Amino acid sequence: MRRSVARRLYAAVATMAVAGATGVVMAMPQASAAVAGGATGYATQNGGTTGGAGGQTVKATTGTAIHTALCNRASASTPIIIEVEGTINHGNTAKVSGDSCNTAAGVIELKQISNVTIVGVGSGAVFDQLGIHIRESSNIIIQNVTVKNVKKSGSPTSNGGDAIGMESDVRNVWVDHATLEASGGESEGFDGLFDMKDNTQYVTLSYSTLRNSGRGGLIGSSETELSNGFVTFHHNLYENLDSRTPLLRGGIAHIYNNYYVKLNESGINSRAGAKAKVENSYFKDSKDVLGTFYTDAAGYWQVSGNTFDNITWSAKSSENNPAGPNPTSNTSVSIPYAYSLDDASCVPSIVAATAGANKGLKVSDGSCTPTTPTQTPTPTPTNPTPTDPTPTPDPTQPSGTNLSLAGGADGSSKASGTSYGNVRDGSLSTYWSPASSTGSVSVKWGTATSVAKANIKVASGSTLGSWRILNGDTGAVLATGSGAGAVTLPKTSLKKITLDITSSSGTPKIAEFETYAG
């Protein structure tokens with residue numbers, strides 16, 4: 001059996017940190033572990049997704065040990081790679097307390113943390129009736145795991161019935177080579193396999209299997225909860241699902257090279273202004289695989305290169321707008337990252353060879369051939385090079401109207417007693433702080449707004465380390481720098497602009513994130 005670099009090193013380096021009934025946690029040298037390949041899709045945007053790269057590697061065989069590893073870190077943002085082997089269940093998953101974690105019993109709780117990788121190794125990692133919950137967190141990788149039979153009703157229950165659920169200001173998550181499955185629908189006590197809501201963005205689900213459930217997953221919990229998006233789904237198998245592959249409310253999704261078979265009621269459900277770009281996917285033996293369903297709140301799609309094999313389409317009505325029987329595009333979606341497309345004709349075979357846990361982390365080479373990416377030690381992450389030269393702070397206060405005053409605000413996390421809206425209230429006596437030393441805050445508008453300058457102001461006595469200013473619509477880096485002050489940006493029309501703090505010696509206090517047209 002092929003073993004990862006880190007697994008081979010365990011034979012030579014056995015540094016045991018914790019052992020006993022809670023499961024084994026072995027501390028490894030910082031550069032010993034490897035996660036195959038790298039993030040793809042929208043998870044590469046907004047600064048990228050590196051998980052625990054550069055941090056300590058530990059091994060866990062229980063849920064309690066996973067929580068212990070998180071709680072033993074120096075801070076909530078200290079990078080860590082947790083290698084998991086064995087069956088994780090209710091009986092071995094307890095709450096653990098600490099300054100760098102916020103855990104709970106009966107669920108793998110990734111709350112108010114960042115820079116974490118959880119990867120299945122060895123004989124595999126199975127989360128049995130136990131969900132993974134990501135809340136107010138960023139830069140998370142989950143790879144090569146199986147999560148099955150998570151219930152919201154009956155016994156035992158976990159994570160609201162979601163195999164993997166994300167909510168409340170989540171940014172940059174990559175789930176790869178996962179198997180997510182149930183044993184029925186809502187009447188049997190199950191909910192979604194892969195759900196995102198309440199301001200979750202920059203997520204990729206790749207090379208994964210979702211099957212035997214009533215609901216595949218959703219993006220947005222209601223027709224008015226439209227703060228989610230920038231999600232990529234590629235090279236996944238969706239099999240024997242009733243609906244939601246996914247259900248997309250608002251936002252943008254890029255869906256390519258997926259294999260859909262036995263979708264019993266509906267498939268990709270684009271609603272409430274959502275836009276889905278659906279490319280080179282294969283749909284087989286299914287019903288209503290693309291469209292707007294169960295609502296009159298229209299969504300949109302751009303289609304190309306797909307194969308529809310034995311698909312049944314229902315008639316159109318006021319709350320049912322199937323894209324077929326001859327799907328054509330009704331919108332266009334610009335994708336900000338590079339990617340390779342397999343031809344739809346080979347999607348069933350390439351997905352069968354690569355999707356799901358314990359497949360050797362194989363991926364497509366872009367020409368319909370499975371390949372195993374070289375595993376190398378993950379380097380310490382560095383700030384990406386901006387697309388434009390790094391500007392220097394402008395000592396002159398920008399002139400004109402502070403556009404932020406008319407906008408709204410959100411972010412990745414917030415410290416107790418602080419608010420995102422404090423960065424746009426015009427007062428230096430209030431401020432926002434992230435939950436740790438790093439995090440992001442955004443100003444947003446209902447319509448596209450032209451911005452050419454920003455002014456970062458900190459509260460009295462606070463300092464600010466390195467930061468990036470991002471186009472919140474696309475994830476593009478507009479500027480990087482350090483410290484407070486005025487910054488000239490490339491003039492950009494956008495609905496959202498983000499201040500992303502990448503390093504700081506303490507917890508920064510951002511009093512104002514001002515924006516100007518020029």
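**Inside the cavities**

Reader: How many nonpolar, polar and charged residues line the largest cavity?
Author: Its lining has two nonpolar, eight polar and two charged residues. Ala, Val, Leu, Ile, Met, Phe, Trp, Tyr, Cys and Pro count as nonpolar, Asp, Glu, Lys and Arg as charged, and the others, Gly among them, as polar. This is a predicted model, where local features need pLDDT of at least 70 and side-chain atom pairs pLDDT 80 or more, while totals for chains, interfaces and linings use all residues. Residues are numbered from 1 along each chain as its sequence is written, and side-chain values use heavy atoms, leaving out hydrogens and water.

Reader: What's a cavity, then?
Author: On a 1 Å grid over the protein atoms alone, it is a set of points where a 1.4 Å probe fits but cannot get out; lining residues have an atom within 4 Å of a point.

Reader: How much space is in the largest one?
Author: About 70 Å³, taken as the space filled by probe spheres set on the points, which are joined across faces, edges and corners. Its lining includes Asn 46, Arg 171 and Lys 496.

Reader: New topic: is Arg 171 buried or exposed?
Author: Arg 171 is buried, with a relative accessible area of 4% (buried means under 20%, with a 1.4 Å probe and protein chains only).

Reader: What does Arg 171 touch?
Author: Not counting residues up to four places away in sequence, its contacts (heavy atoms within 4.5 Å) include Asn 46, Tyr 202, Asp 410 and Lys 496.

Reader: And how much space lies in the second largest cavity?
Author: About 40 Å³. Phe 190 and Leu 193 are among the residues lining the second largest cavity.

How values were computed. Buried means under 20% relative accessible area, exposed over 50%, partly exposed in between (1.4 Å probe, protein chains only). On a 1 Å grid over the protein atoms alone, a cavity is a set of points where a 1.4 Å probe fits but cannot get out, and a pocket is an open set with protein on both sides within 12 Å along at least five of seven lines; lining residues have an atom within 4 Å of a point.
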